Amino acid sequence: MSLTPALFGQLAQAMGIFVLVCALITGLAVTFKWSWRYRMVGATLFSVVLVVGLFSLSFEPITRSSIQGSVPFKLVYDRFGPNATIAVAPTITPEQLEATLKQASSNLFSSGRNAQGESQLTIYARTVVHPREGVSKPLYLGRVKRSLNLRNDPNIEVDIFTDKFAELSS
(Lines give C-alpha, C1' and ligand atoms only; values in the text may rest on other atoms or scores of the structure.)
Protein backbone atom coordinates (compact mmCIF):
# COMPACT_ATOMS: atom_id res chain seq x y z
CA MET A 1 0.00 0.00 0.00
CA SER A 2 1.47 3.30 -1.11
CA LEU A 3 1.18 6.48 0.93
CA THR A 4 -0.41 8.92 -1.50
CA PRO A 5 -2.13 12.26 -0.95
CA ALA A 6 -5.46 10.64 -1.93
CA LEU A 7 -5.03 8.03 0.80
CA PHE A 8 -4.32 10.71 3.40
CA GLY A 9 -7.46 12.54 2.23
CA GLN A 10 -9.55 9.42 2.75
CA LEU A 11 -8.01 8.86 6.18
CA ALA A 12 -8.76 12.49 7.12
CA GLN A 13 -12.40 12.02 6.11
CA ALA A 14 -12.75 8.82 8.11
CA MET A 15 -11.07 10.40 11.10
CA GLY A 16 -13.39 13.42 10.74
CA ILE A 17 -16.39 11.11 11.14
CA PHE A 18 -14.72 9.63 14.22
CA VAL A 19 -14.28 13.16 15.64
CA LEU A 20 -18.00 13.85 15.13
CA VAL A 21 -18.90 10.66 17.00
CA CYS A 22 -16.47 11.58 19.80
CA ALA A 23 -17.95 15.08 19.97
CA LEU A 24 -21.44 13.63 20.28
CA ILE A 25 -20.37 11.30 23.09
CA THR A 26 -18.51 14.18 24.76
CA GLY A 27 -21.63 16.33 24.59
CA LEU A 28 -23.69 13.58 26.21
CA ALA A 29 -21.02 13.03 28.89
CA VAL A 30 -20.95 16.73 29.77
CA THR A 31 -24.75 17.01 29.75
CA PHE A 32 -25.24 14.04 32.06
CA LYS A 33 -22.11 14.88 34.13
CA TRP A 34 -20.56 11.46 33.72
CA SER A 35 -17.32 11.01 35.64
CA TRP A 36 -15.20 10.40 32.50
CA ARG A 37 -16.41 13.50 30.60
CA TYR A 38 -13.04 15.27 30.77
CA ARG A 39 -11.27 12.25 29.34
CA MET A 40 -13.65 12.40 26.38
CA VAL A 41 -12.86 16.09 25.90
CA GLY A 42 -9.16 15.21 25.70
CA ALA A 43 -9.75 12.29 23.33
CA THR A 44 -11.93 14.45 21.08
CA LEU A 45 -9.39 17.28 20.92
CA PHE A 46 -6.55 14.85 20.25
CA SER A 47 -8.60 13.36 17.42
CA VAL A 48 -9.04 16.86 15.96
CA VAL A 49 -5.26 17.26 15.95
CA LEU A 50 -4.92 13.96 14.08
CA VAL A 51 -7.50 15.06 11.48
CA VAL A 52 -5.61 18.31 10.87
CA GLY A 53 -2.36 16.38 10.42
CA LEU A 54 -3.86 13.87 8.02
CA PHE A 55 -5.54 16.66 6.07
CA SER A 56 -2.26 18.54 5.70
CA LEU A 57 -0.54 15.38 4.43
CA SER A 58 -3.15 15.13 1.69
CA PHE A 59 -1.58 18.16 -0.05
CA GLU A 60 1.95 16.86 -0.69
CA PRO A 61 3.27 13.33 -0.78
CA ILE A 62 5.89 12.47 1.80
CA THR A 63 7.40 9.56 -0.06
CA ARG A 64 10.50 9.79 -2.20
CA SER A 65 10.71 8.23 -5.62
CA SER A 66 13.55 5.91 -6.48
CA ILE A 67 15.31 6.10 -9.84
CA GLN A 68 17.11 2.94 -10.99
CA GLY A 69 20.88 3.49 -11.26
CA SER A 70 21.11 6.58 -9.06
CA VAL A 71 23.81 6.87 -6.43
CA PRO A 72 23.71 8.63 -3.05
CA PHE A 73 24.22 12.38 -3.07
CA LYS A 74 24.43 15.15 -0.53
CA LEU A 75 22.58 18.43 -0.74
CA VAL A 76 25.20 21.19 -0.73
CA TYR A 77 23.19 24.32 -1.49
CA ASP A 78 19.46 24.91 -1.40
CA ARG A 79 17.83 28.11 -0.21
CA PHE A 80 14.43 26.87 -1.39
CA GLY A 81 14.65 29.03 -4.50
CA PRO A 82 15.10 28.11 -8.17
CA ASN A 83 18.68 26.80 -7.75
CA ALA A 84 20.23 23.94 -5.81
CA THR A 85 23.51 22.02 -5.83
CA ILE A 86 24.22 18.42 -4.91
CA ALA A 87 27.56 16.73 -4.27
CA VAL A 88 28.39 13.35 -5.78
CA ALA A 89 31.38 11.05 -5.48
CA PRO A 90 34.25 11.59 -7.93
CA THR A 91 33.91 7.95 -9.02
CA ILE A 92 30.48 8.52 -10.60
CA THR A 93 29.83 7.57 -14.23
CA PRO A 94 27.80 9.66 -16.70
CA GLU A 95 24.96 7.11 -16.63
CA GLN A 96 24.84 7.18 -12.83
CA LEU A 97 24.97 10.97 -12.87
CA GLU A 98 21.95 11.18 -15.17
CA ALA A 99 19.92 8.90 -12.91
CA THR A 100 21.11 10.76 -9.81
CA LEU A 101 20.12 14.14 -11.29
CA LYS A 102 16.64 12.78 -12.05
CA GLN A 103 16.43 11.44 -8.49
CA ALA A 104 17.48 14.82 -7.07
CA SER A 105 14.96 16.68 -9.23
CA SER A 106 12.20 14.45 -7.91
CA ASN A 107 13.32 14.65 -4.27
CA LEU A 108 13.90 18.41 -4.22
CA PHE A 109 10.65 19.36 -5.96
CA SER A 110 8.28 21.41 -3.80
CA SER A 111 5.39 23.57 -4.87
CA GLY A 112 6.36 26.04 -2.14
CA ARG A 113 9.70 27.07 -3.66
CA ASN A 114 10.34 30.78 -4.15
CA ALA A 115 10.57 31.12 -7.94
CA GLN A 116 12.32 34.52 -7.85
CA GLY A 117 11.12 35.20 -11.39
CA GLU A 118 12.24 31.80 -12.72
CA SER A 119 9.98 29.12 -14.16
CA GLN A 120 12.38 26.20 -13.67
CA LEU A 121 14.26 24.56 -10.85
CA THR A 122 17.92 24.05 -11.75
CA ILE A 123 19.98 21.51 -9.83
CA TYR A 124 23.73 21.30 -10.41
CA ALA A 125 25.82 18.22 -9.58
CA ARG A 126 29.37 18.74 -8.46
CA THR A 127 32.27 16.86 -7.02
CA VAL A 128 35.60 17.93 -5.60
CA VAL A 129 38.87 16.90 -7.24
CA HIS A 130 42.40 17.39 -5.97
CA PRO A 131 44.68 18.21 -8.93
CA ARG A 132 47.72 18.33 -6.64
CA GLU A 133 48.53 18.08 -2.95
CA GLY A 134 46.75 20.73 -0.88
CA VAL A 135 44.56 22.00 -3.73
CA SER A 136 40.84 21.27 -4.00
CA LYS A 137 38.77 22.19 -7.02
CA PRO A 138 34.98 21.96 -7.33
CA LEU A 139 34.02 20.36 -10.63
CA TYR A 140 30.49 20.71 -11.99
CA LEU A 141 29.55 17.51 -13.83
CA GLY A 142 25.98 18.20 -14.92
CA ARG A 143 22.65 19.85 -14.28
CA VAL A 144 18.95 19.17 -14.49
CA LYS A 145 16.17 21.65 -15.20
CA ARG A 146 12.56 20.98 -14.35
CA SER A 147 9.34 22.88 -13.84
CA LEU A 148 8.77 24.63 -10.53
CA ASN A 149 5.02 24.03 -10.85
CA LEU A 150 4.48 20.50 -12.22
CA ARG A 151 5.33 17.55 -9.98
CA ASN A 152 5.46 15.12 -12.93
CA ASP A 153 7.23 17.36 -15.40
CA PRO A 154 7.44 15.62 -18.80
CA ASN A 155 10.07 18.10 -20.06
CA ILE A 156 12.96 17.47 -17.66
CA GLU A 157 16.24 18.56 -19.25
CA VAL A 158 19.35 16.68 -18.11
CA ASP A 159 22.72 18.04 -19.25
CA ILE A 160 25.86 15.99 -18.61
CA PHE A 161 29.11 17.90 -19.01
CA THR A 162 31.09 15.05 -20.58
CA ASP A 163 34.21 17.19 -21.00
CA LYS A 164 34.47 17.50 -17.21
CA PHE A 165 34.66 13.71 -16.75
CA ALA A 166 38.11 13.77 -18.34
CA GLU A 167 39.33 15.82 -15.37
CA LEU A 168 38.06 13.17 -12.97
CA SER A 169 40.45 10.50 -14.22
CA SER A 170 43.50 12.74 -14.20
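Author: A charge counts as sitting over a ring if NZ of Lys or CZ of Arg is within 6 Å of the ring centre and within 35 degrees of the ring normal. Please keep in mind throughout that this is a predicted model.

Reader: At what distance from the ring centre of Phe80 does Arg113 lie?

Author: The limit for such a charge is within 6 Å of the ring centre. Arg113 lies over the face of Phe80, and its distance from the ring centre is 4.8 Å.

Reader: How many aromatic pairs are there in the whole structure, and which residues form a cluster through ring pairs?

Author: When the whole structure is searched, four aromatic pairs are found. Ring pairs also link three residues into a cluster, and these are Phe32, Trp34 and Trp36.

Reader: Is the pair of Tyr124 and Tyr140 stacked or edge-to-face?

Author: A pair of aromatic rings is described by the distance of the centres and the angle of the planes. For Tyr124 and Tyr140 the centres are 6.1 Å apart and the planes make an angle of 85°. Planes over 60 degrees apart count as edge-to-face, so the pair of Tyr124 and Tyr140 is edge-to-face.

Reader: How many residues apart in sequence are the parts that this pair ties together?

Author: Tyr124 belongs to strand β3 (residues 120-132), while Tyr140 belongs to strand β4 (residues 135-147). The pair therefore ties together parts whose separation in sequence is 16 residues.

Reader: Is Tyr140 buried or partly exposed?

Author: Buried would require under 20% relative accessible area. Tyr124 has a relative accessible area of 26% and is partly exposed. Tyr140 has a value of 35%, and so Tyr140 is partly exposed.

Reader: How many bridges join β3 to β4, and which residue in their hairpin takes a positive phi?

Author: The strands β3 and β4 run antiparallel and are joined by 11 bridges. Within this pairing, Val129 stands opposite Lys137 in β4. The hairpin has two residues between the strands, and the residue that takes a positive phi, near 85°, is Gly134.

Reader: Which residue in β5 is the bridge partner of Val144?

Author: β4 is also joined to strand β5 (residues 157-160) by four bridges, and these strands run antiparallel. The partner of Val144 in β5 is Val158.

Reader: How far does helix α1 reach from its first C-alpha to its last?

Author: Helix α1 (residues 5-31) has 27 residues, and at 1.5 Å a residue a span of 39 Å is expected. The helix comes close to that value, reaching 38 Å.

Notes:
Residues numbered from 1 in each chain as written. Predicted model: local features only at pLDDT ≥ 70, side-chain atom pairs only at ≥ 80, totals over all residues. Heavy atoms only, no water. Phe/Tyr/Trp six-rings, centres within 6.5 Å; stacked < 30°, edge-to-face > 60°. Buried < 20%, exposed > 50% of the residue type's maximum accessible area, 1.4 Å probe, protein only. Expected span 1.5 Å × (residues − 1). Pairing = 2+ DSSP bridges.
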